[in-house]
Amino acid sequence: MGILGWTLIPIVGAIIAVITGHIAKKDIRQSNELLGGDGIATAGLILGYSNLVLGLCACLALLLFPALLAGVWTFGDKIFIAIP
């Protein structure tokens with residue numbers, strides 16, 4: 001799910017990767033380490049959380065960049081005059 005979250009369905013895949021990763025880690029802990037796959041569950045968690053963080057940063061950039069451009073467009077002459 002972690003790889004699927006990066007390629008086909010970014011936000012939904014990342015959320016599913018985080019949920020299933022935590023479920024898998026819990027099941028492995030409860031089985032007294034009889035079940036394998038702890039590394040794969042950790043990889044899914046890392047991929048899922050990193051995808052969510054980068055997606056959030058991209059959304060913030062998409063929201064803030066036009067506001068920055070609008071501010072420079074509106075107050076650009078005053079900004080450059082104020083700089084010594």
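Let's zoom in on the cysteines: is C59 buried or exposed, or partly exposed?

Modeller: Happy to, but keep in mind that this is a predicted model. C59 comes out as partly exposed, because its relative accessible area is 45%, and a residue has to be under 20% to count as buried or over 50% to count as exposed. C57 also falls in the partly exposed class, since its relative accessibility is 44%.

Now for the sulfurs. A disulfide is a covalent bond between the sulfur atoms of two cysteines. For C59, the closest cysteine sulfur belongs to C57, and it sits 9.4 Å away, so that's too far for a bond. Start from C57 and you land back on C59 as the closest partner, at that 9.4 Å. The cut-off for calling a disulfide is 2.5 Å, and the structure ends up with zero of them.

How far should you trust the picture? The protein chain has a mean pLDDT of 84, with 83% of its residues at 70 or more. Confidence is lowest in helix α1 (residues 2-7), at a mean of 69, while helix α2 (residues 10-30) has the highest, at 91. Where pLDDT is low, the predicted coordinates should not be read in detail.

While you're at helix α2, find I19, which lies in that helix. I19 counts as partly exposed because its relative accessible area is 47%. Together with L8, I9, I11, V12, I15 and I23, I19 makes a nonpolar surface patch of about 640 Å².

Conventions. Residues are numbered from 1 along each chain as its sequence is written. This is a predicted model: local features need pLDDT of at least 70, side-chain atom pairs count only at pLDDT 80 or more; totals for chains, interfaces and linings use all residues. Side-chain values use heavy atoms; hydrogens and water are left out. pLDDT is the predictor's confidence in each residue, from 0 to 100. Helices (H or I, at least four residues) and strands (E, at least two) are DSSP runs, numbered from the N terminus. Buried means under 20% relative accessible area, exposed over 50%, partly exposed in between (1.4 Å probe, protein chains only). Patches are made of residues with over 30% relative accessible area and no salt bridge: like charges are joined within 9 Å, nonpolar side chains (Val, Leu, Ile, Met, Phe, Trp, Tyr) within 5 Å. Accessible areas come from the Shrake-Rupley method with a 1.4 Å probe; for residues, only the protein chains shown count as cover. A salt bridge is a side-chain nitrogen of Lys or Arg within 4 Å of a carboxyl oxygen of Asp or Glu.
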